[in-house]
Amino acid sequence: MTSARPSPTGLPSLAQLRALLAVADAGGFSEAAAELGVSQSTLSEAISKLEALAGRPLLRRGRTGTVPTPAGERMLTHARAAVQSAGDALLAAQEDTQLRGVLRVASFRSTATHLLPPALAAFRAQHPGVTVRLMDGETEGGGQELVRRGQADAAIVIEENWTDLRLTPLVMDEYLFVAPAHRGTNPVTPDDLGGPLLLAPGPNSCNLRVMGYLRRCGVQPGRVTEIGEDSVILGMVAHGLGVSVMPRLALEPLPDGLVALPLPERLMRPLALATLPHRANLPVIRAFTDALLAALHRPHAPAPDPAAALPGGASLLH
């Protein structure tokens, strides 16, 4: 790119900062150009001007794609904040009844399947001018990191003691022991958890939560196989290739040939909606939060009721 030299006077434009973010996030100029809807030459020119202002290279092309230089990494945090703040200034000025723009929501697969659809339908009916983009909340770092980096406006997460995020409690989802149906419905013992155990790949929030639970119960799984797709895990369990521990929402509806039972000691995942505190009251984010809470607390909310599936189960809703 540009060799290091004294920086000219002046400040970067939002277009230049947005170009840097797009290339860094996409990992390449062609992908970023397609995302922004501009030509690669336009993108390259914006980056070159930004590097001239910085007085040093900000991106480096390599075999695996384009990555930020150390200077580029340092600039990214401030670039995200500047671009986000400029957009938020316009969002803050919107009227609640005339919302426009794009809302990016990160979610687990299970919550995207069972919790979000009714909320999104109600939100679209109330605010047709807003486009909602769903993002994978199971990427490295989780949805909370996407929110922190400004890549998502909100994320469904497993609630933790994060002081830098606004967390709105949603539902309490229970982890269950999953085994072939021929095992029967006898109470689960710690010995049942010894393996072979089929789990989602780690480190992610669900995997870490389950492994921590097993350690607290004094269980040392003999063999753990990590599998990325829930459906593959369930298919393998149904054929006697192991057992699993999965959240209830990920099991709905439970396929034939399987049984899902309470663990020896209950393990829950408290689900919450995470946003940045200073953005939580932006009209579009507040409206989505309200729509999600309203959908979850309707009498026929999509969240499965444990009491209907298992004797003695507690309600899923707080």
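Guide: A definition to start: buried means under 20% relative accessible area, exposed means over 50%, and partly exposed is in between. This is a predicted model.

Visitor: What links Glu145 and Arg148?
Guide: A salt bridge, with the closest N and O atoms 2.6 Å apart. Both residues lie in helix 7 (residues 142-148), three residues apart, about one turn of the helix.

Visitor: How many salt bridges does the structure hold?
Guide: It holds 16. One of them joins the side chains of Glu45 and Lys49, at 3.3 Å from N to O. That pair sits in helix 3 (residues 40-54), with four residues' spacing, about one turn of the helix.

Visitor: Buried or exposed, or in between, for Glu45 and Lys49?
Guide: In between. Glu45 is partly exposed at 46% relative accessibility, and Lys49 is partly exposed with a relative accessible area of 45%.

Visitor: What about Asp153, which residue does it form a salt bridge with?
Guide: Arg279, with the closest N and O atoms 3.0 Å apart. The pair links distant parts of the chain, 126 residues apart. Asp153 is in the loop between helix 7 and strand 5 (154-158), and Arg279 is in the loop between strand 11 (268-275) and helix 11 (283-296).

Visitor: Are those two buried or exposed?
Guide: Asp153 and Arg279 are both buried. They also belong to one network with Asp88 and Arg104, joined by salt bridges that share partners.

Visitor: Switching to strands. How do strand 1 and strand 2 run?
Guide: Antiparallel, with four bridges joining strand 1 (residues 59-62) to strand 2. They form a hairpin with two residues between them, and Gly62 stands opposite Gly65 in strand 2.

Visitor: And Thr66, where does it lie?
Guide: In strand 2 (residues 65-68). Thr66 is buried, since its relative accessible area of 7% is under 20%.

Visitor: What does Thr66 touch, leaving out residues up to four places away in sequence?
Guide: Its contacts are Val23, Gly27, Gly28, Phe29, Leu59, Arg60 and Arg61.

Visitor: Last topic, the backbone. Which residues does a cis peptide bond join?
Guide: Glu252 and Pro253, with omega about -10°. Most peptide bonds are trans. Pro253 is in the loop between helix 10 (248-251) and strand 10 (258-262).

Technical notes
Residues are numbered from 1 along each chain as its sequence is written. This is a predicted model: local features need pLDDT of at least 70, side-chain atom pairs count only at pLDDT 80 or more; totals for chains, interfaces and linings use all residues. Side-chain values use heavy atoms; hydrogens and water are left out. Buried means under 20% relative accessible area, exposed over 50%, partly exposed in between (1.4 Å probe, protein chains only). Contact means heavy atoms within 4.5 Å. Two strands pair if DSSP finds at least two bridges between them. A salt bridge is a side-chain nitrogen of Lys or Arg within 4 Å of a carboxyl oxygen of Asp or Glu.
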